[in-house]
Protein chains: 2
Amino acid sequence: MTTLDDARRLDTADPLAGFRERFALPDSVIYLDGNSLGALPKATSGRVEAVVQSEWGEDLIRAWNTRDWISAPKRLGDKIARLIGAAPGEVIAGESTSVNIFKALCACLQLTPERSVILSETGNFPTDAYMMEGLAALSGGRIRQVLVERDAIDAALTDDVAALLLTHTHYKSGQLHDMKAVTARAQALGIPVIWDLSHSAGAMPVALNDCEADFAVGCGYKYLNGGPGAPAFLFVAKRHQDRVFPVLSGWLGHARPFDFDDRYEPAAGIDRFQCGTPAILGMAALECGVDILLDADMQEIRIKSQALGDLFIEQVEDRLDGFELRSPRAAGERGSQVSFAHEHGYAIMQALIERGVIGDFRAPDILRFGFTPLYAGYADVWTAVDILADVMQSGVWQDARFNIRSAVT
Amino acid sequence: MTTLDDARRLDTADPLAGFRERFALPDSVIYLDGNSLGALPKATSGRVEAVVQSEWGEDLIRAWNTRDWISAPKRLGDKIARLIGAAPGEVIAGESTSVNIFKALCACLQLTPERSVILSETGNFPTDAYMMEGLAALSGGRIRQVLVERDAIDAALTDDVAALLLTHTHYKSGQLHDMKAVTARAQALGIPVIWDLSHSAGAMPVALNDCEADFAVGCGYKYLNGGPGAPAFLFVAKRHQDRVFPVLSGWLGHARPFDFDDRYEPAAGIDRFQCGTPAILGMAALECGVDILLDADMQEIRIKSQALGDLFIEQVEDRLDGFELRSPRAAGERGSQVSFAHEHGYAIMQALIERGVIGDFRAPDILRFGFTPLYAGYADVWTAVDILADVMQSGVWQDARFNIRSAVT
């Protein structure tokens, strides 16, 4: 059994401890939901203000050149590439994860034009499945979406599969796919794979090119700390880029957008996967989050993330009854989060949030806790479980107010 | 011939003069490019800072409920609806104009499932044409994009046309389409029309429902003053909303997104046209811009916009040679901008910008000037032409530095 003093000693020895100072977290909060919305970097407010007041306000339209707004999607893409094992020119920042999934699916269909199945797993993050469903609907029957249980994926890999879309770290359980092995098995059958890195990028080392990955997408507002609704990103392996005609062929993906030609001519390389005008305020905030991660050692992040998760599991299981672990017990098999099921999960989470310990609830019964090594420490984890124990012992979670459902859970 | 004193008298009598104070324009600039990137409202910086520091920084993930981030796309959509003659629940803010065009095109294909042609005009803003091209490519030949000259549009309206996509105010010439007449002619043949309002919304009265419009899209960063890469908007007439399965069927368009179901069930009404997580910083900035417009009288905006354009044309034609008007001379036939062609247009515009008069250049030879009645006045227009006259007389525009092309023109 670990004590609070033990946890504090681990914090003192933590090589990442200095990063906590770069985030503006309220003192009253233990934030274990950075896997849903990352915390605010202290640098962000000033940077966004400079973009608004000085760049937009003073340079106005000229800022596309003078402040190089026009390069933001690619500059930021190159920075994100370093976090996920990709090369410069393979990642573009912009739009939402959902829209980027659509782009990647359309690209796969072009690489495998004779095939008709787009495959994913049941229980994947919904937007992944939904975007597939929309594409299938548009195809008028030519493309069919198939969802299978995780242990049936291998059997479903056939020569009719045009794309396999999987989330690397499961949003609910945190369970990891073996990216290298799955990619290799799919590719052996000519199936390109799209990895959704929303719960992986910034949380652990990701080695896209080492896995010979085809496509990947990911979220800017979770572990990248880019702010609410931050731009997402899209990775397209160099070898595929010039073989694909972007279906979302907006003007900024054109080879010469300011020629204003009637006909679309895709830009060379990753630029063709740009679509509309980039969201500059969101890009500025995202860059502040990404810049912090670039200063950190991703191996150290992973080591601490696993230790925090292990400590959390140990403490919950030692001190509490009625909570059933729904994440892999082995740290190497899970991402940077731990989920427990409890039949009163919703109310317990609301009571916990009221006490300042912020995790989230995922239907039907999951309490989900994310561990962000740059700003969460061992004493935070210990104290969070201590407060959870108090919430359970006091029975306060049974108060009716904790069963009022919010719009966002 | 108008004098500077005449222009100043017009400014004094201008009922919109008070709005100038609500924008943070540099003193050294006469800004005639609000049709490309609108100016910064003074309220925006503080509002964005509050969203960053207080909402994101302190409320963290809770802000989706406590600050009602989740309603931003619809709340903002309802506000924009009031500017374009739409009803509450018919407009959703989010994503880019390009992505919203794709959504609208896909919707049209569902309303006209037997048809195969998507029609627009040559010389339309490129992203409109390019998004059509991408959709046609995805269809593998089932859908065909056709572009015709403006005067051939009527003849091209046949019972094989699935969608007509037109920009209400032409981005280059400012020429207006007659929205009501074109919509009626197309609909008589069963053709739904998509109006791109990028250069109309916030610049003049738009009466979508009075025209019985089907779909519209528009830009947040031009006359709506939402900032660089601001969220765009999509209008879908009430009568069509529940007949369409959104192809970009992201999780926030689901009837119950937080149930995390495997199967997509579209939300009722305009909500189903949401896709990914909304860009909250961009939404906050856009709302500041839209709120100013909601305080103004759109008829007064239109009257002043026409007068500013008339004054500009009069002054250029009285004082300068070699500039050929490329916008309709009749104010009622053009939007809030005036374009002149000049064989040395690029260099002249760069020289003009260096002197603080900011318009823009559109290839191959167009100098484009936008008139934004909320923050541009008659004396600004008079002085802009005076400076242009000086640039031409001095020959300064012939300096080599004005022929160095920028990334964005």
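An unreviewed UniProt entry puts a "binding site" at Thr97(A), Ser98(A), Phe125(A), Pro126(A), Thr127(A), Asp128(A), Thr167(A), Asp196(A), His199(A), Tyr221(A), Trp251(A) and Thr277(A). These positions span 181 residues of sequence and are spread out in space too, with C-alpha atoms up to 30.4 Å apart. From this set, Trp251(A) and Thr277(A) belong to the lining of the largest pocket. Keep in mind that this is a predicted model.

**Asp128(A)**
- You'll find Asp128(A) in helix 6, which covers residues 126-138 of chain A.
- Asp128(A) is buried, because its relative accessible area is 0%, under the 20% cut-off.
- Leaving aside residues up to four places away in sequence, Asp128(A) touches Ile101(A), Leu165(A), Thr167(A) and Asp196(A).

**Asp196(A)**
- Asp196(A) sits in strand 6 of chain A, residues 193-196.
- Asp196(A) also counts as buried, at 2% relative accessibility.
- Beyond four places away in sequence, its contacts include Thr97(A), Asp128(A), Thr167(A), Val217(A) and Gly218(A).

**Around strand 6**
- Strand 6 of chain A is covered on both faces: Val193(A) and Trp195(A) are buried on one side, Ile194(A) and Asp196(A) on the other.
- Strand 5 (residues 161-167) of chain A runs parallel to strand 6, joined by 4 bridges, and Thr167(A) stands opposite Asp196(A).
- With helix 8 (residues 179-188) of chain A, strands 5 and 6 make a right-handed β-α-β unit.
- Strand 6 also pairs with strand 7 (residues 215-218) of chain A, in the parallel sense over 3 bridges; here Trp195(A) stands opposite Ala216(A).

Notes: Residues numbered from 1 in each chain as written. Chains lettered and ligands numbered in written order. Predicted model: local features only at pLDDT ≥ 70, side-chain atom pairs only at ≥ 80, totals over all residues. Heavy atoms only, no water. UniProt positions renumbered as here; feature names shortened; annotations may be inferred. 1 Å grid on protein atoms, 1.4 Å probe; cavity = no way out; pocket = protein on both sides within 12 Å on 5 of 7 lines; lining within 4 Å. Helix = DSSP H or I, 4+ residues; strand = E, 2+ residues; numbered from the N terminus. Buried < 20%, exposed > 50% of the residue type's maximum accessible area, 1.4 Å probe, protein only. Contact = heavy atoms within 4.5 Å. Pairing = 2+ DSSP bridges. Right-handed = clockwise from strand over helix to strand, strands pointing away.
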